[in-house]
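The following exercises concern the chain shown below.

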Amino acid sequence: MLTKKTILVVGGAGYIGSHMVHALGEQGYQVIVLDNLSKGYADAVLHGELIVGDMGDAALLQRIFTRHTIDAVMHFASFIEVGESVQQPAKYYENNVAKTLTLLQAMQAHDVSTFIFSSTAAVYGVPQYTPIDLLHPKAPINPYGHSKWMVEQMLQDFDRAYGLKSAVLRYFNAAGAHPDGILGERHEPESHLIPLVLQAASGRRKNIKIYGEDYPTDDGSCVRDYIHVSDLCEAHLLALQSLFADTDSFSLNLGTGEGYSVKELIAAAKKITGKNFTVIISERRLGDPPTLVADVKAANTMLNWQAQRGLNDIIADAWAWELNLCESNRCEGMK
């Protein structure tokens with residue numbers, strides 16, 4: 001019997017990382033999770049060994065890479081709040097860039113040459129056209145996007161100089177929860193639209209705000225491409241297998257290729273939940289482009305992958321998770 005490879009998942013106690021750890025475990029991989037639990041939860045790690053610590057701790061990384069034969073590293077440990085990145089850019093450059101460099105140096109020192117990086121559509125900035133393909137200019141407009149693009153460029157340089165092969169996976173709007181209800185979003189504070197909408201449906205939130213209804217879209221609200229977290233994980237597994245098969249480094253957009261407006265999403269949530277919650281129209285937010293939709297042809301072709309779950313699946317799975325959270329928190333509005 002062949003021994004499965006060992007994957008170090010940095011940030012594996014967070015939202016997407018914990019789903020990835022579960023997917024890896026289900027496929028028989030050996031998993032080691034490194035997470036400082038600043039955003040993640042120990043009880044979300046359902047497979048492997050959890051090491052509580054920081055990816056910027058060079059001594060800890062030395063011990064991990066010395067004690068274990070690591071075949072690949074997956075990185076989900078970036079800070080992701082756009083607004084916070086504008087207010088506290090140093091925090092983002094330290095964690096997302098400097099600490100990632102420490103991680104890459106540890107990999108280099110221990111001859112680990114397979115890396116999967118959780119990137120973002122924010123590297124493209126305000127889109128010049130949609131759907132956004134891989135040739136679209138990279139022009140991030142906030143420190144969060146800048147930090148991700150910096151790491152992408154570091155990876156290009158590490159490949160040329162040291163032979164470190166990477167898969168850069170640029171998410172559009174990751175959403176949903178595990179279909180079995182065992183994992184989901186628990187951001188504190190929450191800033192993602194779908195969990196915020198469902199918190200309004202469950203009564204944990206008084207209302208949901210639509211930021212602007214005068215955009216050049218069909219109904220005036222922003223349009224986004226939402227991808228189910230389980231579909232994301234499947235793409236990561238395929239990207240990992242591709243790197244293990246000695247492909248060159250690559251970058252891909254991960255989305256569905258379809259966009260839904262904020263108003264369409266809210267209407268779908270009301271229908272699926274059966275709840276008629278309060279919606280407030282507010283002013284536009286700075287930096288919100290009208291439409292963000294991925295061109296996913298490259299991922300379809302290279303990985304033979306396509307998102308299988310649509311918006312209704314995303315909302316239904318996220319609603320089941322919200323009900324679980326609401327029950328445990330005894331939140332109001334569910335009676």
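**Exercise 1. Secondary structure and overall dimensions**

How many helices and strands does the chain have? Then check the radius of gyration against the globule rule.

*Solution.* The model is predicted: local features need pLDDT of at least 70, side-chain atom pairs count only at pLDDT 80 or more, and totals for chains, interfaces and linings use all residues. Residues are numbered from 1 along each chain as its sequence is written, and side-chain values use heavy atoms, with hydrogens and water left out.

Step 1. The chain has 10 helices and 14 strands, where helices (H or I, at least four residues) and strands (E, at least two) are DSSP runs numbered from the N terminus.

Step 2. The globule rule, 2.2 Å times the number of residues to the power 0.38, is applied to a radius of gyration taken over C-alpha atoms. For 335 residues, a compact globule would have a value near 20 Å, and the 20 Å of the chain agrees.

Step 3. The C-alpha trace spans about 55 × 45 × 40 Å along its principal axes.

**Exercise 2. Helix H4**

Which residues of H4 are buried, and against which elements do they pack?

*Solution.* Step 1. Helix H4 covers residues 89–109, and its 21 residues reach 29 Å from first C-alpha to last. The span is close to the expected 30 Å, given by 1.5 Å times one less than the number of residues.

Step 1. Buried means under 20% relative accessible area, exposed over 50%, and partly exposed in between (1.4 Å probe, protein chains only). The buried residues of H4 are Tyr 92, Asn 95, Asn 96, Val 97, Thr 100, Thr 102, Leu 103, Leu 104, Ala 106 and Met 107.

Step 2. Their packing partners include strand E1 (6–10), helix H2 (58–67) and helix H5 (143–162), with contact meaning heavy atoms within 4.5 Å.

Step 3. Just after H4, Asp 111 takes a positive phi of about 55°.
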